[in-house]
Amino acid sequence: MAAVAEDLRNPYRPHLATLEQVRPEGPGIMTFRAQFQDPAVAEAFHAKPGQFIEVSLFGVGECPFGLAKGPDRPGPLMFSVAQMGKVTSELHRLRAGDIIGIRGPYGNGFPVEEHRGKHLLIIAGGIGLPPLRSVVEYGLDHRDDYEQLTLVYGARSPELLVYKDALEEWSNDDRIDVHLTVDKGDETWTGHEGFVPQYCEELGFTPDNTVAYTVGPPIMIKFVIITLTQMGFGDDQILASLEAKMKCGIGKCGRCNVGPKFVCLDGPVFSYRELKALGEAQ
Ligand SMILES: Cc1cc2nc3c(=O)[nH]c(=O)nc-3n(C[C@H](O)[C@H](O)[C@H](O)COP(=O)(O)OP(=O)(O)OC[C@H]3O[C@@H](n4cnc5c(N)ncnc54)[C@H](O)[C@@H]3O)c2cc1C
Ligand code: FES
């Protein structure tokens with residue numbers, strides 16, 4: 001028993017997990033559901049919305065991915081992977097039944113408990129939705145704790161919108177306001193066209209009792225921050241999750257520093273006030 005507890009505390013040790021489901025989410029994007037093999041590890045694993053895991057593929061490498069499932073939802077861990085390079089390409093070859101390693105959860109996550117009573121304005125772009133899906137599900141599971149829940153989500157094209165089943169479910173759920181957009185539609189698309197920051201401007205949010213959480217490509221985050229600032233949002237009312245090159249995920253290797261901070265340990269979520277102090281915002 002002591003050995004199990006020791007193993008759980010060892011931050012370098014990946015725990016074996018079996019892929020229960022692997023499904024294509026869109027071009028170049030796959031969603032994985034993984035169950036720890038050791039029930040003690042599964043029971044001890046508790047994540048906050050916005051935290052990430054390090055996923056290892058033995059003999060290939062290790063990468064960070066945002067946890068997509070709400071922390072109160074039962075069942076296997078869920079994460080989605082866009083094909084970028086060596087590890088993500090090999091991950092895309094995996095099928096249900098294959099084994100991976102998982103370390104974590106890591107990072108600070110979004111301060112959802114601190115923001116109880118507020119309007120959560122969730123702004124996602126492309127493959128930025130996975131870590132924010134966990135915020136949406138947390139918000140729905142604790143709906144009475146929040147004044148309002150809003151999701152603005154955009155992708156380059158309709159086929160690149162991830163979690164279409166969940167988007168449809170949320171769009172029919174009057175506990176959350178969902179606004180979808182694509183940079184350019186196709187013949188099937190009848191919704192909004194345009195970039196996420198401009199859509200936020202059109203939707204005309206007010207900063208009253210609101211906090212905005214944003215994850216997406218750096219260029220989207222930059223213009224979302226500009227838009228929200230112009231709308232009167234204060235520096236502590238805007239929080240963004242940063243992507244950085246990572247190795248250890250636990251503040252040891254120095255791969256992810258931004259000034260004196262480690263993105264893996266002090267982030268990946270930072271307020272606009274912190275980003276300005278770190279020189280990470282224009
Ligand atoms: C906290 C965090 C959460 C993340 N969550 C997700 C997620 O939910 N889904 C997802 O698909 N991806 C996510 N990523 C990005 C993902 O980790 C990288 O795409 C992955 O590590 C690339 O590995 P690779 O070996 O396939 O690519 P490599 O062969 O290492 O690199 C391929 C290309 O991608 C670039 N790249 C590699 N890593 C990063 C990075 N961290 N940020 C920006 N560019 C990078 C390289 O410069 C290179 O151009 C996250 C990253 C971080 C830091
Ligand atoms: S990834 Fe090693 S210090 Fe952050």
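Reply: We go from the overall fold to the ligand, then to single residues. Keep in mind that this is a predicted model.

Me: Start with the whole. How many helices and strands are there in the protein?

Reply: Count eight helices and 15 strands. The C-alpha trace spans about 55 × 45 × 35 Å along its principal axes.

Me: What does the radius of gyration say about a protein of 282 residues?

Reply: Compare the value with that of a compact globule. For 282 residues the globule would be near 19 Å, and this protein has 18 Å, so the two agree. Burial is another thing to read: 39% of the 282 residues count as buried. Then look at contacts between residues at least 6 apart in sequence: 69% of them join residues at least 24 apart.

Me: Which domains does the domain assignment give?

Reply: Domain 1 covers 11–106, and domain 2 covers 119–241. Their centres, taken over C-alpha atoms, are 24 Å apart.

Me: How many residues of each domain are in contact with the other?

Reply: Read an interface one side at a time. Here 17 residues of domain 1 are in contact with 13 of domain 2. On the domain 1 side, β1 (15–26) and β5 are the elements that give two or more residues. The most come from β5, with three. By class, that side has eight nonpolar, five polar and four charged residues.

Me: Which residues have the most contacts inside the largest nonpolar core?

Reply: That core has 70 residues, and the ones with the most contacts inside it are I53, F79, I122, I123 and Y213. The core lies between domain 1 and domain 2, because both give residues to it. Take Y213 as a case. Leaving out residues up to four places away in sequence, Y213 touches F110, L120, I122, L132, V135 and L239.

Me: Now the ligand. How many residues surround ligand 1, and which are the closest?

Reply: There are 23 around ligand 1, and the closest are C63, G66, G85, V87 and T88. Next, ask which elements supply that shell. Those giving two or more residues are β4 (61–66), β5 (77–82), α3 (86–91) and α4 (129–141). The largest share is from β4, with five residues.

Me: What is the shell around ligand 1 like by class, and which domains does it draw on?

Reply: By class it has 15 nonpolar, five polar and three charged residues. Both domains take part: the shell draws at least three residues from each of domain 1 and domain 2.

Me: On to the backbone. What should I expect of phi and of peptide bonds?

Reply: Most residues other than glycine have a negative phi, and most peptide bonds are trans. Exceptions deserve a look.

Me: Which residues does a cis peptide bond join, with omega about 0°?

Reply: One such bond joins G104 and P105. P105 is in strand β6. Y106 also lies in that strand, β6 (99–106). Y106 counts as buried, because 22 C-beta neighbours lie inside 10 Å. Apart from residues up to four places away in sequence, Y106 touches Q51, F52, I53, E54, G249, I250 and C264.

Me: What is the phi of Y163, and what is that of N209?

Reply: Y163 has a positive phi of about 55°, although it is not a glycine. N209 is also positive, with phi near 50°.

Notes. Residues numbered from 1 in each chain as written. Chains lettered and ligands numbered in written order. Predicted model: local features only at pLDDT ≥ 70, side-chain atom pairs only at ≥ 80, totals over all residues. Near = placed C-beta within 6 Å. Helix = DSSP H or I, 4+ residues; strand = E, 2+ residues; numbered from the N terminus. Nonpolar A, V, L, I, M, F, W, Y, C, P; charged D, E, K, R; others polar. Domains from an automatic or database assignment. Core = buried A, V, L, I, M, F, W, Y, C linked by C-beta atoms within 7 Å. Buried ≥ 20, exposed ≤ 12 C-beta atoms within 10 Å, placed from the backbone. Contact = placed C-beta atoms within 7 Å. Rg over C-alpha atoms; globule rule 2.2 N^0.38 Å.
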